[in-house]
Amino acid sequence: RLLSALRRRCDIAGKRLSGPALAAEGRVLRAVLYVYHSRLLRHRPYLALQQVEQCLKRLWKMNLVGCLETLVGLIPKKNGSKAQADCLVPSQPILETVALKVLGGCKLILRLLDCCCKAFLLSVKHLCSKEFILLNTVALGLLSRLWFVIQYRCLLQTLVSLYSALSTVLHLVSETQKIPYIKGFTFPSDVGDFLGVNVSSEAKKQKAKMLTAKKSTSWMTKFFPAMPEAVSKVGKKRKSETCTSAVKKRSILCPVDIGETVV
């Protein structure tokens with residue numbers, strides 16, 4: 001039962017980590033950094049974007065998806081004979097390696113969310129200062145989408161639940177045949193203790209910060225101030241006169257119905 005639950009959670013985590021949305025946001029981020037590399041080497045939002053890109057790069061380089069696929073291949077499928085009480089299980093070194101990578105993945109994703117939040121706040125701040133409007137506008141959309149993809153697909157929560165299943169199987173396997181591979185490190189029973197924060201509360205805090213920054217700055221009103229009432233009335237009057245004259249010219253030049261073919 002524990003092995004089938006571990007297999008199921010490995011499959012879910014692998015699919016969510018290898019989803020097309022996260023990879024697409026990573027490609028867009030690399031393209032933006034490449035375009036602005038020679039112009040904004042010392043710009044603070046640009047440096048914050050570089051930190052986000054470094055976290056994504058490290059997440060891909062640790063090859064967590066491949067490691068989970070290897071573990072799934074070692075977990076036996078359901079046996080046809082229910083009378084068989086024994087089955088092959090992954091060894092302790094394999095489970096310890098995967099558990100360590102899952103802990104590292106949790107730490108990296110938490111750091112990635114934190115970097116996204118900081119870069120978002122910096123971009124809003126510089127956007128209100130009317131500095132590099134195009135870059136900061138693109139960065140805001142990119143960072144909010146990346147943060148939303150990670151939260152919407154529950155990447156961190158999925159890895160936390162995967163580690164709990166891994167920890168249970170690892171404990172049982174080490175009791176059966178103790179072959180420790182990673183020495184000098186004690187695997188925590190709770191990921192929250194290892195990360196030092198509560199996952200759900202930290203996400204809510206970051207979301208509140210980002211929403212507060214967008215509402216309090218109201219940068220759209222700074223860039224596009226409201227027109228005076230007299231100017232807006234004159235503009236509407238001119239627009240209606242232009243449309244009326246255009247319709248009259250069209251009726252003079254081409255006195256046919258709109259639905260008919262005009263030669």
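These questions and answers go through a predicted model of one protein chain.

Colleague: What should I know about the numbering and the model before I start?
Modeller: Residues are numbered from 1 along each chain as its sequence is written. The model is predicted, so local features need pLDDT of at least 70 and side-chain atom pairs count only at pLDDT 80 or more, while totals for chains, interfaces and linings use all residues; side-chain values use heavy atoms, with hydrogens and water left out.

Colleague: How many helices and strands are in the chain?
Modeller: Helices (H or I, at least four residues) and strands (E, at least two) are DSSP runs, numbered from the N terminus. Read along the sequence, the pattern is α-α-α-α-α-α-α-α-α-α-α. The count is 11 helices and zero strands.

Colleague: What share of the residues in the chain is buried?
Modeller: Buried means under 20% relative accessible area, exposed means over 50%, and partly exposed lies in between, with a 1.4 Å probe and protein chains only. The chain has 263 residues, and the buried ones make up 37%.

Colleague: Which residues is isoleucine 109 in contact with, leaving aside its neighbours within four places in sequence?
Modeller: Contact means heavy atoms within 4.5 Å. By that rule, and with those neighbours left aside, the partners of isoleucine 109 are Leu17, Leu59, Ile150, Leu155, Leu156 and Leu159.

Colleague: Which backbone oxygen does the side chain of serine 123 reach?
Modeller: Serine 123 is in helix 5 (residues 92–128). Serine 123 counts as buried because its relative accessibility is 0%. Leaving aside neighbours within four places in sequence, serine 123 is in contact with Pro45, Asn136, Ala139, Leu140 and Leu143. At 2.9 Å, its side chain reaches the backbone oxygen of alanine 119.

Colleague: How far is cysteine 67 from the nearest cysteine sulfur?
Modeller: Cysteine 67 has a relative accessible area of 14%, so it is buried. Cysteine 67 is in no disulfide, and the nearest cysteine sulfur, that of cysteine 10, is away by 8.9 Å.

Colleague: How far apart in space are tryptophan 147 and cysteine 116, C-alpha to C-alpha?
Modeller: Tryptophan 147 is in helix 6. With a relative accessible area of 8%, tryptophan 147 is buried. Tryptophan 147 and cysteine 116 are 31 residues apart in sequence, and their C-alpha to C-alpha distance is 6.5 Å.

Colleague: Is asparagine 63 buried or partly exposed?
Modeller: Asparagine 63 is found in the loop between helix 3 and helix 4. Its phi is near 55 degrees, a positive value in a residue other than glycine. The relative accessible area of asparagine 63 is 45%, so the residue is partly exposed.

Technical notes: A polar contact is a pair of N or O atoms within 3.5 Å; within protein, one must be able to donate a hydrogen and the other to accept it, and residues adjacent in sequence count only if both atoms are side-chain atoms. A disulfide is a pair of cysteine sulfur atoms within 2.5 Å.
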